[in-house]
Amino acid sequence: MSKYDIIVLGSGPGGYVTAIRASQLGFQTAIVEKESLGGVCLNWGCIPTKALLKSAQVFEYLKHAEDYGLTLENPDKDFGAVVKRSRDVANGMSKGVQFLMKKNKIDVIEGYGKLKPGKKIDVDGTEYSADHIIIATGAHSRELPNLKQDGKKVIGYRQAMTLDKQPKKMIVVGSGAIGVEFASFYNTMGTEVTIVEYLPNVVPVEDEEVSKQFERSLKKAGIKVMTDSSVESVDTSGEGVVATVKTKKGEEKLEADIVLSAVGIKTNIENIGLEDVGIITDKDKITVNDWYQTNMPGYYAIGDVTHGPALAHVASAEGILCVEKIKGMHVAKLDYGNIPGCTYASPEIASVGLTEKQAKEAGYELKIGKFPFSASGKASASGNKEGFVKVIFDAKYGEWLGCHMIGAGVTDMIAEAVLGRRLETTGHEVLKAIHPHPTMSEAVMEATAAAYDEVIHL
């Protein structure tokens, strides 16, 4: 039996980052992975979907070349080549993680890991022990009882990335990040897409103004949007699918080639030995304290399997904090109120902090500013004038309560708000920080100026 200081179960962006930080801190470290290094994010999530979306973006530019004074006749796409490029990108990233494991002298144990009492892990019949075991097994696509995935006509995100043939019609159930990103991709590539969302607004976790703008953008792009609606059943007996959708006006039948179920995720906590060890769970999540310790000494959990936001960058931050605490370093608790969220559809969405509704419900007196990209020189020059930046400040002390963006490239802009909020920046400080011109990012300054009645370009 091999003995380590730390064994990490799962090699997604939570697991492999945790393992690297542990190795940097001098721990003899091993990582257990049953499939591919990098986990879902690198192989079947964050990275390959962005590759697909980039191909769609380039295709969209080609279709509108004349808008830029360019001539291009009959631009077309090779769907199989687009999918292959996405897989090549994912494979390259996974190989990059393999390199990082070797560079940091981390042992990679291939196989299915199952927790055992006494701080041990069984991997396909071989036992390993460690002083500390960190669970980072992530999550997979959640299935609704009336929307079972068969992998052919009713699919999840994995199949959506690797379809052999582009469907002519697709129904996307759920309008969270996964749903709208695939809806955006397939629509741009030429598939007729319908989104069915149970709640009143698409991207329901976002600020209401962002949700409404995004719905307008989806409809403008040719996507049919059905909110306050639910798929009651799907008939797959024919050549395609017939979905029965319940709406406020009654039932409606939708025909399509395929249904993509994007109704959230379910944690990978089954059959990993939690019951054998006695680790407590609550509502499909492992219960941990502020330092990611479970109720059983020596066992920890990070990422999607815990109660925090199911985001790659959250899992990474939790893992780093966890091993630094194990090392005895002085660390601060993770601020879950300052976690950025990004959606990479077209247009992109990025946000951090409180929505306007949340801020009002919390009792703040607000200063709110919005700056539309239609008034941005850079946005006009690039041909991407859709969307806006919205900032929310506490009127009394100037605290930056929230920032919400929708538009081209905003996922690369939100870090300014995250850093500003962490440093307790006030609205006046943002306003006086000189932003370069012309850039999309100066919209943050302009929105702040609007909040304080000092806006110049509106």
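Val203 counts as buried because its relative accessibility is 3% (buried means under 20% relative accessible area, exposed over 50%, partly exposed in between, with a 1.4 Å probe and protein chains only). Its phi is near 35°, a positive value in a residue other than glycine. Val203 sits in the loop between strand S10 (192–196) and H7 (helices are DSSP runs of H or I with at least four residues, strands are runs of E with at least two, and both are numbered from the N terminus).

Lys283 also has a positive phi, about 50°, and is not a glycine. Its place is the loop between strand S17 (281–282) and strand S18 (285–286). Lys283 is exposed, at 74% relative accessible area.

## Basis of the model

The model is predicted: local features need pLDDT of at least 70, side-chain atom pairs count only at pLDDT 80 or more, and totals for chains, interfaces and linings use all residues. Residues are numbered from 1 along each chain as its sequence is written, and side-chain values use heavy atoms, with hydrogens and water left out.

## Cis peptide bonds

Most residues other than glycine have a negative phi, and most peptide bonds are trans. The bond from Ser346 to Pro347 is cis, with omega near 0°. Pro347 lies in the loop between strand S20 (341–343) and strand S21 (348–353). The bond from His437 to Pro438 is cis too, with omega near -5°. Pro438 belongs to the loop between helix H13 (427–432) and helix H14 (442–451).

## The second largest pocket

The second largest pocket holds about 1100 Å³ of space. Of its 33 lining residues, Gln57, Glu60, Ser346, Pro347 and Asn384 are the closest to its centre. On a 1 Å grid over the protein atoms alone, a pocket is an open set of points where a 1.4 Å probe fits, with protein on both sides within 12 Å along at least five of seven lines; lining residues have an atom within 4 Å of a point. Grid points are joined across faces, edges and corners, and the volume is the space filled by probe spheres set on the points.

Helices H3 (46–63), H6 (177–189) and H7 (208–220) each supply at least two residues of this lining. H3 gives the largest share, 8 residues. The lining divides into 11 nonpolar, 12 polar and 10 charged residues (Ala, Val, Leu, Ile, Met, Phe, Trp, Tyr, Cys and Pro count as nonpolar, Asp, Glu, Lys and Arg as charged, the others, Gly among them, as polar).

Thr188 lies in helix H6. It is buried, at 11% relative accessibility. Beyond its neighbours within four places in sequence, Thr188 is in contact (heavy atoms within 4.5 Å) with Ala56, Phe59, Glu60 and Lys63.

Ser230 is in strand S12 (residues 230–235). It is buried, at 16%. With neighbours within four places set aside, its contacts are Val196, Tyr198, Thr244, Val245 and Lys246.

## Cysteines

The structure holds 1 disulfide (a pair of cysteine sulfur atoms within 2.5 Å). It joins Cys41 to Cys46, S to S 2.2 Å. The torsion about the S-S bond is about -130°, so the disulfide is left-handed. Cys41 is buried at 10%, and Cys46 is partly exposed at 28%.

Cys342 is in no disulfide; the nearest cysteine sulfur, that of Cys46, is 11 Å away. Cys403 is in no disulfide either, and its nearest cysteine sulfur, that of Cys342, is 11 Å away. Cys403 is buried, at 0% relative accessibility.
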